[in-house]
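Subject: Structure for you to look at

Dear colleague,

I am handing over the structure we spoke about, and below it you will find notes on what came out of going through it. Please read them with the model open beside you.

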There are 2 protein chains.
Amino acid sequence: MPAAAYDIATARPDAAPEFSPRQQVVLQHALKLLVEGGEKALTTAGLARTASCSKESLYKWFGDRDGLLAAVVAYQASQVQFPSESGATADPDTFRAHVTAFVEALLGVLFSESSLALNRLSIGQSNTNSNKLGELLLVRGKHMISSRARTMLETGRRHALLKFDDADDAYQVLYGLAIRDVHIRLLLGETATAEVNNHADQAARAVDRFYRLFGA
Amino acid sequence: MPAAAYDIATARPDAAPEFSPRQQVVLQHALKLLVEGGEKALTTAGLARTASCSKESLYKWFGDRDGLLAAVVAYQASQVQFPSESGATADPDTFRAHVTAFVEALLGVLFSESSLALNRLSIGQSNTNSNKLGELLLVRGKHMISSRARTMLETGRRHALLKFDDADDAYQVLYGLAIRDVHIRLLLGETATAEVNNHADQAARAVDRFYRLFGA
DNA sequence: CCTCACCCGAACCGTACGGTACGGTTCGCC
DNA sequence: GGCGAACCGTACCGTACGGTTCGGGTGAGG
């Protein structure tokens, strides 16, 4: 349950059965260590101590330390869910509200401490060992989000609420308008201002500009 | 000389005298190791070997390993320069060309392998030891760039070429339109597509959209 | 009660790497 | 030529941490 509401309506079937409850608890402890102290702080001995399990179990469950890191990323990504678009989107106002809600959820996820910690971890490892983590985060996180966004935008286009040629291009603009350089600044350790944390306002402004570019 | 042209007209006086020529050569070797293998690949013994210097000298020059990393970031940031705006910007077309050139330079810097490696390094360390590196990269890199961008945009506003209330807000929009989520994807290890590497086209499209939002 | 699977806690091992010390060499300067 | 500063190469030390092994304990099933 990390900084993003769990939405039963959109839960993917592959999310739950991947790890046993006991393992999920351990993974949550691992995430906590990551958030607090970065990758260096997640040692096998330290995790075994804080999670009250044995190193032997860690290695049995996850293979090695890299497997543990991958498990943390995979598990956490599976926990992130977005509000479903729930059908009736022909009405312009409700559709725009849906887009705004999506952007707000995006900000909430990307700027959460757990997401930042996982991104920091994956980025830090991205050019060392075959880059398994970055790939995992991209495919289980960003790609899931972007594909959902594209279908949402295409729904808007189908109902003549938006106008664009390339859905991916339009999504990227929406992303850029919403995130700007805040993500990278937070990743670099800058502390978030109150303005940045006002996700509702930020989302509304981004959607406003997006509509000025792509509104029908 | 890393992926960004050196502009003699805009060289800051504090850039040159910080490190001796010999030290600069060593720092370039260090950057090369970082680009190739990430932070793990930059060991004091490894750097001493590839740069043909002694570990003793490394510790004399940079204090400890963290000091070495900070020196790499500081030195490399000092090497990044942008084309100067060089006065006559009253003409709408040349001003817009200046903005486009700025965006193109921004893309060239941020998407270069050396910049990515340094960002990965700083991000990876950002929640471990007092976050010296991230701060350094922000103040010596991003803030320099953004302040220059703001003055450029305000020049455009003064000449009634642009219209906005907050220069920083406008810059952030320009940044978001240009960078989108490409930066984070590259940081995570995704390989750049040909389209992404066409900085001229990307810059032109971003500036076009920027003008549709902020053009007078 | 026995067995077996699972797991905890702790001790242990090997190694990689940060940091230090030292002998030997080059080079500028008097 | 002699001196000292800077520096290279190498050997060395201490430690932290990944990974393994082992003894013991707990609980379900028979």
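**Between the two domains of chain A**

Across the interface of domain 1 and domain 2 of chain A, the rule finds 1 salt bridge. Please keep in mind throughout that this is a predicted model. A salt bridge joins the side chains of Arg140(A) and Glu18(A), with 3.1 Å from N to O. Two helices, helix 1 (21-37) and helix 4 (65-79) of chain A, each supply at least two residues of the side of domain 1 that touches domain 2, and the largest share of that side, 9 residues, comes from helix 4 of chain A. By residue class, the side of domain 1 of chain A that touches domain 2 of chain A divides into 9 nonpolar, 3 polar and 4 charged.

As for the division itself, chain A is split into domain 1 (8-79) and domain 2 (92-214), with 16 residues of domain 1 and 14 residues of domain 2 taking part in the contact. The centres of these two domains of chain A, taken over C-alpha atoms, are separated by 25 Å, and the area buried between them is about 1300 Å², of which carbon and sulfur atoms give 69%.

**Between chains A and B**

The contact between the chains takes 43 residues from chain A and 43 residues from chain B, and the area buried between them is about 3700 Å², with carbon and sulfur atoms giving 57% of it. The count between chain A and chain B is 8 salt bridges, while the rule finds 16 residue pairs in polar contact across this interface. The side chains of Asp181(A) and Lys142(B) also meet in a salt bridge, at 3.8 Å from N to O. Several helices of chain A each supply at least two residues of the side that touches chain B, among them helix 7 (132-158), helix 8 and helix 11 (199-214), and the residues of that side of chain A divide into 14 nonpolar, 16 polar and 13 charged.

**Asp169(A)**

One residue that I would ask you to look at is Asp169(A), which is found in helix 8 (residues 167-179) of chain A. Its relative accessible area is 11%, and because this is under 20%, Asp169(A) is buried. Leaving aside residues up to four places away in sequence, Asp169(A) touches Arg180(B), Arg205(B) and Arg209(B), and a polar contact of 2.6 Å joins the side chains of Asp169(A) and Arg180(B). Within chain A, the C-alpha atoms of Asp169(A) and Arg150(A), 19 residues apart along the chain, are separated by 9.4 Å.

With best wishes

Key: Residues are numbered from 1 along each chain as its sequence is written. Chains are lettered from A and ligands numbered from 1 in the order in which they are written. This is a predicted model: local features need pLDDT of at least 70, side-chain atom pairs count only at pLDDT 80 or more; totals for chains, interfaces and linings use all residues. Side-chain values use heavy atoms; hydrogens and water are left out. Helices (H or I, at least four residues) and strands (E, at least two) are DSSP runs, numbered from the N terminus. Buried means under 20% relative accessible area, exposed over 50%, partly exposed in between (1.4 Å probe, protein chains only). Contact means heavy atoms within 4.5 Å. A polar contact is a pair of N or O atoms within 3.5 Å; within protein, one must be able to donate a hydrogen and the other to accept it, and residues adjacent in sequence count only if both atoms are side-chain atoms. Domain bounds come from an automatic or database domain assignment. Buried area is the accessible area (1.4 Å probe) that two parts lose on being put together, summed over both. A salt bridge is a side-chain nitrogen of Lys or Arg within 4 Å of a carboxyl oxygen of Asp or Glu. Ala, Val, Leu, Ile, Met, Phe, Trp, Tyr, Cys and Pro count as nonpolar, Asp, Glu, Lys and Arg as charged, and the others, Gly among them, as polar.
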